[in-house]
Amino acid sequence: MSEIKTYKDLLIWQKGIEIVKEVYFLCKEIPNDEIFGLQSQIKRSSISIPSNIAEGWGRNYTKNYLQFLRYSRGSLLELETQIIIAKELNFISTESFNKIQDLITEESKMLNAFIKSIDK
């Protein structure tokens, strides 16, 4: 295992970036009249996931870092809810939903484990 020198070395941050990219592809399926509604919310919550991981790292204080990791987890759950809404409204395909849902599940497990390891 390589040494972690920056937040960019963290797998949770890398997975967060992967989620953002997948969200931007998925948002192309959402109707244009939702560009300032659900589509915008989905993009913002996805961007918040790796952004909070990076911001917490930059605070250089464990309690602050844990707080920002929890913010990231909150944004992840917010994204999951918005994706469920998009699916229920038939704005996105089942294939796209399943793909992003799998990424969300994986990131959630990784974030929870990382928070537990730091919170000891």
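What span should the 16 residues of α1 have at 1.5 Å a residue, and how far apart are its end C-alpha atoms? Please go on to its buried residues and to its packing with α3.

Analyst: This is a predicted model, in which local features need pLDDT of at least 70 and side-chain atom pairs count only at pLDDT 80 or more, while totals for chains, interfaces and linings use all residues. Residues are numbered from 1 along each chain as its sequence is written, and side-chain values use heavy atoms, with hydrogens and water left out.

At 1.5 Å a residue, the 16 residues of α1 should span 22 Å, and the end C-alpha atoms of α1 are 22 Å apart, which agrees. The expected span of a helix is 1.5 Å times one less than its number of residues. Helices here are DSSP runs of H or I with at least four residues, numbered from the N terminus.

The buried residues of α1 are I12, W13, K15, G16, I19, V20, E22, V23 and L26. Buried means under 20% relative accessible area, with a 1.4 Å probe and protein chains only. The cover over these buried residues of α1 includes α2, α3 and α4.

The packing of α1 with α3 can be described in more detail. Two packed helices are described by the angle between their axes and the distance between the axes. For α1 and α3 the angle is about 25° and the axes are 13 Å apart. Axes are lines fitted to C-alpha atoms, for helices over the stretch in contact, and angles run from 0 to 180 degrees between N-to-C directions. The two helices α1 and α3 are therefore roughly parallel to each other, a term that covers angles under 35 degrees. The crossing in which α1 passes α3 is left-handed, meaning that the near helix is turned anticlockwise from the far one by less than a right angle. Contact means heavy atoms within 4.5 Å. By class, the contact of α1 with α3 has 8 nonpolar residues, no polar and no charged ones; Ala, Val, Leu, Ile, Met, Phe, Trp, Tyr, Cys and Pro count as nonpolar, Asp, Glu, Lys and Arg as charged, and the others, Gly among them, as polar.

L26 lies in α1 and is buried, with a relative accessible area of 2%. Not counting residues up to four places away in sequence, L26 touches I83, I92, S96 and I100.

The α2 side is represented by S46, which is found in helix α2 and is buried at a relative accessible area of 0%. Leaving aside neighbours within four places in sequence, S46 is in contact with I19, V20, V23 and L79.

Helix α4 (residues 94–118) is one of the elements covering α1. Its 25 residues should span 36 Å at 1.5 Å a residue, and the end C-alpha atoms of α4 are 36 Å apart, which agrees.

Definitions and conventions:
Buried < 20%, exposed > 50% of the residue type's maximum accessible area, 1.4 Å probe, protein only. Parallel < 35°, antiparallel > 145°, perpendicular 65-115°, else oblique.
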